[in-house]
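Morning, everyone. Please take a look at the screen, and I will walk you through the model.

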Amino acid sequence: MKCANMKLNIKKIIVVGGGPAGMMTAIRAGQLGRTVVLIEKNQVLGKKLLLSGKGRCNITNACELDSFLDRFSGNAQFLRSAFHLFFNTELIDFFEQRGLKLKTERQQRVFPVTDSADSVLKVLEKELHKNKVEIIYNSPVRDVIVHEARAGGVVLADGGSIYGDSVILTTGGVSFPATGSTGDGMDMAQRLGHKIIALQPGLVPLKIRQNYPELWEGITLKNIRLNFSDSKKQILSEIGELLFTGFGISGPLVLSLSGQIVNWLNEGKDVFVEIDLKPALSKEQINERFLREFKTNTKKSIRSILKNMLPQRMVDVFLSIAGIEPKKQVSQITQKERMGMISLFKGLRLDISGYLPVEKAMITRGGVSLKDINPRTMESRIIKGLYFAGEMIDVDADTGGFNLQAAFSTGYLAGESAVND
Ligand SMILES: Cc1cc2nc3c(=O)[nH]c(=O)nc-3n(C[C@H](O)[C@H](O)[C@H](O)COP(=O)(O)OP(=O)(O)OC[C@H]3O[C@@H](n4cnc5c(N)ncnc54)[C@H](O)[C@@H]3O)c2cc1C
């Protein structure tokens with residue numbers, strides 16, 4: 001919104017959006033002595049933060065900078081200044097110095113020892129209070145007020161205005177809109193001339209053409225290998241954990257690989273995945289195991305043998321894909337049937353038919369173009385005094401604490417830059 005007559009030079013920083021990025025922005029600007037107003041459209045702060053890490057909040061990752069940057073889907077170099085100023089060790093210190101002990105779990109994921117995202121939010125809220133940040137709840141911001149190419153305030157949905165000497169937009173992406181992240185900030189940025197890189201789901205479950213996942217809903221397979229391929233060549237292969245959902249597949253491994261798969265599907269490729277249910281065993285070793293089991297249990301059904309090799313609920317469907325009657329005695333199983341089962345163990349094929357929409361994704365890919373933001377300050381290159389931080393900018397990463405660190409770091413940098421403006 002352009003405005004000709006307005007009061008400027010009020011030494012106040014306005015932060016729009018009370019997620020992790022906005023809270024850290026407001027805290028940093030407050031610590032540096034500025035008057036800060038944090039405007040949140042919900043009646044509480046950090047709704048998405050409370051969902052993070054299944055309610056445990058995987059706050060950051062303890063790996064080295066270069067490995068950390070590798071976990072971003074692209075554009076990670078943009079974050080170097082923010083990480084230089086405030087990285088994982090600083091974030092860990094920030095919480096520990098305020099009494100919240102943290103622990104590092106597998107793959108260097110850092111969580112509060114309380115296993116509660118609420119305890120993370122409480123530290124942030126206390127720090128906002130300590131630094132006298134004024135918080136306005138239940139107030140969606142509708143527009144940024146701009147005067148002579150400089151941000152000078154915001155217009156609220158009820159028509160009221162708040163003036164300040166800089167505005168920091170931290171309204172998040174568009175995933176999980178019930179938490180308040182509905183893309184408002186990106187709309188405002190676009191109206192002010194910023195390019196928005198197309199929004200896409202990141203860390204998203206995949207849909208499957210076959211109906212087995214529906215029958216296997218809720219089953220988790222640990223330490224399996226997923227081999228994603230298009231019709232010609234293998235394209236991605238990783239070991240991890242898989243979750244069957246009503247419509248397809250999810251779980252940490254699928255979410256991590258989903259960014260690539262979404263790109264391939266968008267390119268019109270036919271993508272399928274072969275699940276290696278026993279990555280530690282060769283076909284020969286599985287064959288030997290079958291032969292051993294068959295020899296000692298001649299009267300048993302193939303179903304009861306497979307119950308020791310697969311989650312119970314998978315067995316009948318597995319056998320029906322193999323074309324074997326579950327009650328068939330193992331002594332009657334032909335070599336061809338045995339070979340068929342071995343092939344299935346090493347490559348149970350599922351055809352990928354699509355992915356869930358961005359609203360159901362953990363992360364939004366795309367957002368305010370990095371070309372329009374100065375990475376050293378997070379200030380807009382188009383509107384002076386306007387800053388961006390958090391998920392609304394065009395950076396996104398894998399699961400593991402990388403996205404929250406990016407939100408905290410860019411928020412910290414934006415808060416400090418706005419004070420030094
Ligand atoms: C289920 C789930 C689990 C996750 N788990 C993890 C995890 O364990 N580790 C990790 O690193 N990342 C995780 N993420 C990602 C992480 O939560 C986000 O990247 C992070 O919350 C982004 O922070 P943000 O402050 O930029 O945006 P958000 O957290 O989306 O906050 C934006 C805030 O702005 C407010 N807002 C929006 N529009 C307006 C407006 N017009 N006016 C005023 N306020 C407005 C919203 O209400 C919201 O409070 C998870 C995401 C999901 C969905």
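Let me begin with a definition. Two rings of Phe, Tyr or Trp count as a pair if their centres lie within 6.5 Å. Phe68, Phe72, Phe83, Phe87 and Phe402 form one aromatic cluster. Keep in mind that this is a predicted model.

Now the overall picture. The chain has 421 residues, and 56% of them count as buried. Its secondary structure comes to 14 helices and 21 strands. The C-alpha trace spans about 90 × 45 × 35 Å along its principal axes. What about contacts along the sequence?

How many aromatic pairs does a search of the whole structure find? The search finds 14. One of the pairs is phenylalanine 68 with phenylalanine 87. Their ring centres are 4.8 Å apart, and their planes stand at 70 degrees. Over 60 degrees counts as edge-to-face, so this pair is edge-to-face. The pair links distant parts of the chain. Phenylalanine 68 is in helix α3, residues 65–70. Phenylalanine 87 is in the loop between α4 (80–85) and α5 (88–97). The two are 19 residues apart. Phenylalanine 68 is buried, with a relative accessible area of 0%. Phenylalanine 87 is buried as well, at 10%.

Next pair: phenylalanine 290 and phenylalanine 294. This one is tilted, with 5.4 Å centre to centre and 45 degrees between the planes. Both residues sit in helix α10, residues 283–296. They are 4 residues apart there, so about one helical turn separates them. Phenylalanine 290 and phenylalanine 294 are both buried.

On to helix packing. Two packed helices are described by the angle between their axes and the distance between the axes. Start with α12 (residues 315–322) and α13 (residues 335–346). Their axes come within 9 Å and cross at roughly 120 degrees. Perpendicular stops at 115 degrees and antiparallel starts over 145, so α12 and α13 are oblique to each other. The crossing is right-handed. Which residues make the contact? From α12 we have Phe318, Leu319, Ile321 and Ala322. From α13 we have Met341, Leu344 and Phe345. By class, that contact of α12 with α13 has 7 nonpolar residues, no polar and no charged ones.

The crossing of α1 and α6 is left-handed. On the α1 side, the contact uses Met23, Met24, Ala26, Ile27 and Gln31. On the α6 side, it uses Leu121, Leu124, Glu127 and Leu128. By class, this contact of α1 with α6 has 7 nonpolar, 1 polar and 1 charged residues.

Now strand β8, residues 150–156. Valine 154 lies in β8 and is buried, with a relative accessible area of 0%. What does valine 154 touch, leaving aside its neighbours within four places in sequence? Its contacts include Ile14, Val16, Ile39, Val141, Ile145, Ile162 and Val167. Asp143 and Ser161 are among them too. Glycine 367 is 213 residues from valine 154 in sequence and 20 Å away in space, C-alpha to C-alpha.

Valine 155 is found in β8. Its relative accessible area is 3%, so valine 155 counts as buried. Arginine 142 is 13 residues from valine 155 along the chain, and their C-alpha atoms are separated by 5.6 Å.

Last topic: backbone angles. Most residues other than glycine have a negative phi. Here are two residues to check against that. Cysteine 57 has a positive phi of about 60 degrees, although it is not a glycine. Cysteine 57 lies in the loop between α2 (47–51) and β3 (60–61). Phenylalanine 176 has a positive phi too, at about 50 degrees. Phenylalanine 176 lies in the loop between β10 (166–169) and α7 (184–191). Buried or exposed? Cysteine 57 counts as buried, at 0% relative accessibility. Phenylalanine 176 counts as partly exposed, at 35%.

That is the tour. Thank you.

Conventions:
Residues are numbered from 1 along each chain as its sequence is written. This is a predicted model: local features need pLDDT of at least 70, side-chain atom pairs count only at pLDDT 80 or more; totals for chains, interfaces and linings use all residues. Side-chain values use heavy atoms; hydrogens and water are left out. Axes are lines fitted to C-alpha atoms, for helices over the stretch in contact, and angles run from 0 to 180 degrees between N-to-C directions. Angles under 35 degrees count as roughly parallel, over 145 as roughly antiparallel, 65 to 115 as roughly perpendicular and the rest as oblique. A crossing is left-handed if the near helix is turned anticlockwise from the far one by less than a right angle, and right-handed if clockwise. Contact means heavy atoms within 4.5 Å. Ala, Val, Leu, Ile, Met, Phe, Trp, Tyr, Cys and Pro count as nonpolar, Asp, Glu, Lys and Arg as charged, and the others, Gly among them, as polar. Buried means under 20% relative accessible area, exposed over 50%, partly exposed in between (1.4 Å probe, protein chains only). Rings of Phe, Tyr and Trp (its six-membered ring) pair if their centres lie within 6.5 Å; planes under 30 degrees apart count as stacked, over 60 as edge-to-face and the rest as tilted.
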